[in-house]
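Student: Could you go through this one with me, a piece at a time? I would like to ask things as they come up.

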Amino acid sequence: MQDLAGKVAVVTGAGSGIGLALAGRLAREGMRVALADVDDHALAQAAESLRAAGAEAAAVLTQRCDVTSERDVTDLADHVFATWGAVDVLCNNAGVFVGGFMWERPPADFEFVLGVNLWGIVHGIRAFVPRMLERGAEGHIVNTCSVAGMLGSPISGPYGVSKFAALAATEALALDLAVVESKLKVTALCPGMVRTNLGATSQENRPAALGAPLTEDAKFANDALAQYLDEGIAAESVADRVLDAIRTERFLVLTHPHHADVLRARVEQLIAGQLPDPADFR
Ligand SMILES: NC(=O)c1ccc[n+]([C@@H]2O[C@H](COP(=O)([O-])OP(=O)(O)OC[C@H]3O[C@@H](n4cnc5c(N)ncnc54)[C@H](O)[C@@H]3O)[C@@H](O)[C@H]2O)c1
C-alpha cells in the first residue's frame, strides 16, 4: 500500500509505547486512526497527543477494548466500520510480558499472557479480516509479535510461548491470504528491546482473577525486563520501520541488525540437533 492519506487504521494497545508511536506515525501520514486500549486514561492521553501533533479531531477515534474479549474486539470492528466504512491498516499490537521458570509459573500466567498476546491477535483477525476481504481493496495487517517469538530465552517461557504462537498465527494468516490471492498483506513486527512501559502495564492490566504469586524467578525476569527496556530503542523508530514495511509489503520486520545473525545461528544450531544459544534480545 503506497497511499495512506485519508484511509483508516486501527491500533490496539494504542495507549502506550509501540502502539502509541504507530498510531502517531499513521496519523502523520494523514490516516484516520482508531485507538483501542484496555486503559481508558492512557487512551484519552494518546488521543490528546495525536491531536496536539496536528491530527484533526474527527480523524481520531478511541474505544476501550480488552483484546482478550472476542466481544470487545468485534464491537471495536463494528464501531470503526460503522463510523468510517472501512479499515485499511489493522495493527494487532496490544501485549503483556510474563516471565519465570517454566516449572514455577502457574496456569494463570499462561492464561493471562496467551489471552492478550495470542487471542488478541486471533480475535483481531476474525473481527476485521473478513470485512477487509469483502471490500476487495488493498490493505495491511500488522501483528506485533517479538524477536522472542523466533528466539528462545531462559526465564521468560510464558512470554516466549505466546510470541512463538503469535508469529505462527501471523505467518498462517499471510499464507492463507496469499492462497486466496487477496490484496491484503501482512507484517510480523518482531522488535527487540524498545523503551516502553511494557513492564509496568503488564502488572497493571492483569485481571485479579488471573493473579499469581510473584516468585523469585518471575521477579528476576521482571527486573531484567525493566533494565533491558530502559536500554531499548525508541518506539518511534519501530513505527518508521512498520510504515516502510506497509509500503514495501515486507513480511518480517526486525528492529536490531544483530538479530539477523542470531536468527541464522539458531537455524544452524537446530539443524545440527543442538539447543540454540540463548538469544541476545537487546
Ligand atoms: N517493548 C519491547 O521491548 C517489546 C519488544 C518486542 C515486542 N513487544 C511487543 O510490543 C507490543 C506493545 O508493547 P509495548 O512495548 O509498546 O508496551 P506498552 O506497555 O508501552 O504498551 C502496551 C499497551 O497495550 C495495552 N494492553 C495491555 N493489555 C491489553 C488488553 N488486554 N487489551 C487492550 N490493550 C491492552 C496496555 O494498556 C498498553 O497501553 C506488545 O505486543 C509487546 O509484547 C515489545
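Student: Where does Glu181 lie?
Tutor: Glu181 lies in the loop between α6 and β6, the strand made of residues 184-190. Please keep in mind throughout that this is a predicted model.

Student: And is Glu181 buried or exposed?
Tutor: Glu181 is exposed, because there are 6 other C-beta atoms within 10 Å, and the cut-off for exposed is 12 or fewer.

Student: What about its phi angle, what is Glu181 near there?
Tutor: Phi of Glu181 is near 55 degrees, which is a positive value in a residue other than glycine. Ile155 also has a positive phi, near 60 degrees, and it too is a residue other than glycine.

Student: Where is Ile155, then?
Tutor: Ile155 lies in the loop that runs between β5 (139-144) and α6 (157-179).

Student: OK, on to β6 itself. How many of its residues are buried?
Tutor: Seven of the seven residues of β6 are buried, so the strand is mostly covered. On one side are Leu184, Val186, Ala188 and Cys190, on the other are Lys185, Thr187 and Leu189, and both of these faces are covered.

Student: Which way do β5 and β6 run, parallel or antiparallel?
Tutor: β5 and β6 run parallel, and six bridges join them.

Student: Let me jump to the start of the chain. What does β1 pair with?
Tutor: Strand β1, residues 8-12, is joined to β2 by five bridges, and the two run parallel. Val11 stands opposite Leu35 in β2, and β1, α1 and β2 together make a right-handed β-α-β unit.

Student: What sits opposite Leu35 in β3?
Tutor: Leu35 stands opposite Thr62 in β3. β2 and β3, the latter being residues 60-64, pair in the parallel sense over five bridges. To get from β2 to β3 the chain goes through α2, and this β-α-β crossover is right-handed.

Student: How many residues of β2 are buried?
Tutor: In β2, which covers residues 32-37, six of the six residues are buried. Arg32, Ala34 and Ala36 point one way, whereas Val33, Leu35 and Asp37 point the other way, and all of them are buried.

Student: Now α2. Which residues are buried there?
Tutor: The buried residues in α2 are Ala42, Leu43, Ala46, Ala47 and Leu50. They lie on the same side of α2, because they cover an arc of only 135 degrees around the axis. The face turned away from that buried side carries the exposed residues His41, Glu48 and Ala52.

Student: And what should the length of α2 be?
Tutor: Helix α2 has 13 residues, 40-52, and at 1.5 Å a residue it should span 18 Å, which agrees with its end C-alpha atoms being 18 Å apart.

Student: New topic, the ligand. How many residues surround it?
Tutor: The ligand is surrounded by 32 residues, and the closest are Gly13, Gly17, Gly95, Thr196 and Thr201. The elements that give two or more residues to this shell are α1 (17-28) and α7 (198-204), and the largest share, three residues, comes from α1.

Student: What classes of residue are in that shell?
Tutor: By class, the shell has 13 nonpolar, 16 polar and three charged residues.

Student: Last one: where is Val238 found, and is it buried or exposed?
Tutor: Val238 is found in helix α9, residues 235-248, and it counts as buried because it has 24 C-beta neighbours inside 10 Å. Val238 and Pro158 are 80 residues apart in sequence, and from C-alpha to C-alpha they are 24 Å apart in space.

Definitions and conventions: Residues numbered from 1 in each chain as written. Predicted model: local features only at pLDDT ≥ 70, side-chain atom pairs only at ≥ 80, totals over all residues. Helix = DSSP H or I, 4+ residues; strand = E, 2+ residues; numbered from the N terminus. Buried ≥ 20, exposed ≤ 12 C-beta atoms within 10 Å, placed from the backbone. Pairing = 2+ DSSP bridges. Near = placed C-beta within 6 Å. Nonpolar A, V, L, I, M, F, W, Y, C, P; charged D, E, K, R; others polar. Expected span 1.5 Å × (residues − 1). Arc of directions from axis to C-beta. Right-handed = clockwise from strand over helix to strand, strands pointing away.
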